[in-house]
Amino acid sequence: MMKTKYAQVGTGGRGFMYAQAVAETYASLAEMTAVCDRNLGRAHLYQDYFKEHQTRPVAVYGEEDFDQMIRDTRPDTVIVTTMDRYHEKYIVRAMQLGCDVITEKPMTIEAEMCQRIVDTVKSTGKSLRVTFNYRYSPPRTQIKDLLMSGIIGEVYSVDFHWLLDTSHGADYFRRWHRNKVNSGGLMVHKATHHFDLINWWLSSFPKSVFASGQRRYYVPETAERLGLHNRSERCHTCPEASRCPFYLDLTVGEGLKQLYLDQEQHDGYFRDRCVFSPDIDIEDNMNLIVTYDNHVQMSYSLNAFMPWEGYIVNFNGSQGRLEHRCMESVYISGDDRVPGEMIGEATSTTLFPHFGAKQDIPIWEASGGHGGGDDLLLKDIFTPDPQGDPYQRAADWRGGAYSILTGVAANLSMDNGKVVLIDDLVQGLENPYF
Ligand SMILES: NC(=O)c1ccc[n+]([C@@H]2O[C@H](COP(=O)([O-])OP(=O)(O)OC[C@H]3O[C@@H](n4cnc5c(N)ncnc54)[C@H](O)[C@@H]3O)[C@@H](O)[C@H]2O)c1
């Protein structure tokens, strides 16, 4: 069988999951031709990995040589795992050069970028897969299954509250995510997962968004309150390191050191900038009211300085209420721990039927990264079930667009204090669920 040829742009922490899937788990079906990154040190680490795990040599290209990479190595599919801000640039260019694309979330971060992607998908006819791993996490797939079965009748409203803790949540304030220009803020970078889950759980899409948000915790005043008066730009050189609860030691653990500290010489990027820096311009607490095409209304909140990480989502329907609560393990990206592992005993789903007894629903088992979603997502990408998927977990540009546009609209609404209509943001959107 002919192997599918891949090229990958973005050789950071998350990208390695795809590299490993190509070189190891799905090696009989796939091979990597080349990798591309702005930071050539990180790209060479990937090249070294492929030297050990793949017979075919993998070429390295810099940011400016993306087109050359496609011309030289002729991949079928480009995997995009760069910083969010550049997803659109590589998605559009890869499709123009004749490739299909698999991209990490968020598909992109601004309405204009989303419009360019929508237009390019339509003009080139190429396929664009957006990898929403949360859909594949068994307890979240189970919520889809329960709602599809009509267990609470027609859903009228949703309360959805996501908590990021002072480990994983704080980490967004150290890295490139801390500036909206790179990530779209947490409303896009992080909440794209949550808004996608809701769109998919409800089989609908957002129509209007009202939001308010602010940053109150990751500010210089909090550092002063904690007695951290003598702060530096980054943890590595900070005189307060021994007293700061947010100190990140990049020298502990091979993952962080090799991938970031040892590669700073190539691009000057610091992975451990101070979480209390005044340079940060993203919010740490946000509240939204969202209405959907099927008339569901959702109240949603995201707080990034919580003592535990996870979420609570409640669906209120014509025949009862479904409550789902999930707690995730402590980690930060790249620290060699399993990311987003679900804590089984702290995860529950409960049905409260109208006029009937409460029922605790046994949770579908999940193990591994992101509530067991990562491995199942990869399996579906590399070996899709020919029978199809009753849950429609594979997402394309339509799901990718609707998942980011709630957050894009929230950013606008936080700025102008008004309700933002999704139809005013991007033209040519299509319902993913019909
Ligand atoms: N689905 C998930 O659960 C999940 C988890 C983590 C990250 N992600 C996504 O994966 C992507 C990568 O995140 P990460 O945590 O690996 O970040 P990272 O900082 O570790 O890696 C990003 C890489 O992009 C490179 N890069 C930046 N600008 C570039 C450009 N213009 N051209 C080429 N390369 C460029 C950087 O040098 C770096 O190697 C992000 O889009 C993020 O949202 C998804």
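**Close-up views of a predicted model**

F16 is partly exposed, with 29% relative accessible area, in a model that is predicted.

View 1. F16 belongs to helix α1, which covers residues 15–25. Apart from neighbours within four places in sequence, F16 touches Y46 and Y49. L128 is 112 residues from F16 in sequence, and the C-alpha atoms of F16 and L128 lie 20 Å apart.

**View 2. Helix α15 and the elements that cover it.** The buried residues of α15 are G373, D374, L377, L378, D380, I381 and F382. Strands β1 (4–9), β2 (30–36), β5 (100–104) and β6 (128–131) are among the elements that cover them. Helices α1 and α6 (133–136) are also included in this cover.

**View 3. The contact of helix α7 with helix α11.** The axes of α7 (residues 138–148) and α11 (residues 191–202) come within 9 Å and cross at roughly 30°. Angles under 35 degrees count as roughly parallel, and therefore α7 is roughly parallel to α11. On the α7 side, the contact is made by R140, T141, I143, K144 and L147. On the α11 side, L197, W200 and W201 meet them. By type, the residues of this contact are 5 nonpolar, 1 polar and 2 charged.

**View 4. The ring pair of W201 and F315.** The model holds 22 aromatic pairs. In the pair of W201 and F315, the ring centres are 5.6 Å apart and the planes stand at 85°, so the pair is edge-to-face. W201 lies in helix α11 and F315 in strand β11 (residues 309–317), so the pair ties together parts that are 114 residues apart in sequence. W201 counts as buried because its relative accessibility is 3%. F315 also counts as buried, at 0% relative accessibility.

**View 5. The aromatic cluster that includes W201 and F315.** Ring pairs join Y134, F160, W162, F195, W201, Y300, Y311 and F315 into a cluster. W201, a member of this cluster, also takes part in the contact of α7 with α11.

**View 6. Charged ends over aromatic rings.** The charged end of K144 sits over the ring of Y433, at 5.6 Å from the ring centre. K144 is also one of the α7 residues that meet α11. The charged end of R234 sits over the ring of F270, at 3.9 Å from the ring centre.

View 7. K105 and P106 are joined by a cis peptide bond, with omega about -15°. P106 is placed in the loop between β5 and α5 (111–124). Strand β5 is also among the elements that cover the buried residues of α15.

**View 8. Two histidines with positive phi.** H295 has a positive phi, near 75°, and is a residue other than glycine. H295 sits in the loop between β9 (285–292) and β10 (297–306). H295 is exposed, with a relative accessible area of 69%. H370 also has a positive phi, near 50°. H370 is found in the loop between β14 (359–361) and α15. H370 is buried, with a relative accessible area of 11%.

Definitions and conventions:
Residues are numbered from 1 along each chain as its sequence is written. This is a predicted model: local features need pLDDT of at least 70, side-chain atom pairs count only at pLDDT 80 or more; totals for chains, interfaces and linings use all residues. Side-chain values use heavy atoms; hydrogens and water are left out. Axes are lines fitted to C-alpha atoms, for helices over the stretch in contact, and angles run from 0 to 180 degrees between N-to-C directions. Helices (H or I, at least four residues) and strands (E, at least two) are DSSP runs, numbered from the N terminus. Angles under 35 degrees count as roughly parallel, over 145 as roughly antiparallel, 65 to 115 as roughly perpendicular and the rest as oblique. Contact means heavy atoms within 4.5 Å. Ala, Val, Leu, Ile, Met, Phe, Trp, Tyr, Cys and Pro count as nonpolar, Asp, Glu, Lys and Arg as charged, and the others, Gly among them, as polar. Rings of Phe, Tyr and Trp (its six-membered ring) pair if their centres lie within 6.5 Å; planes under 30 degrees apart count as stacked, over 60 as edge-to-face and the rest as tilted. Buried means under 20% relative accessible area, exposed over 50%, partly exposed in between (1.4 Å probe, protein chains only). A charge sits over a ring if NZ of Lys or CZ of Arg is within 6 Å of the ring centre and within 35 degrees of the ring normal.
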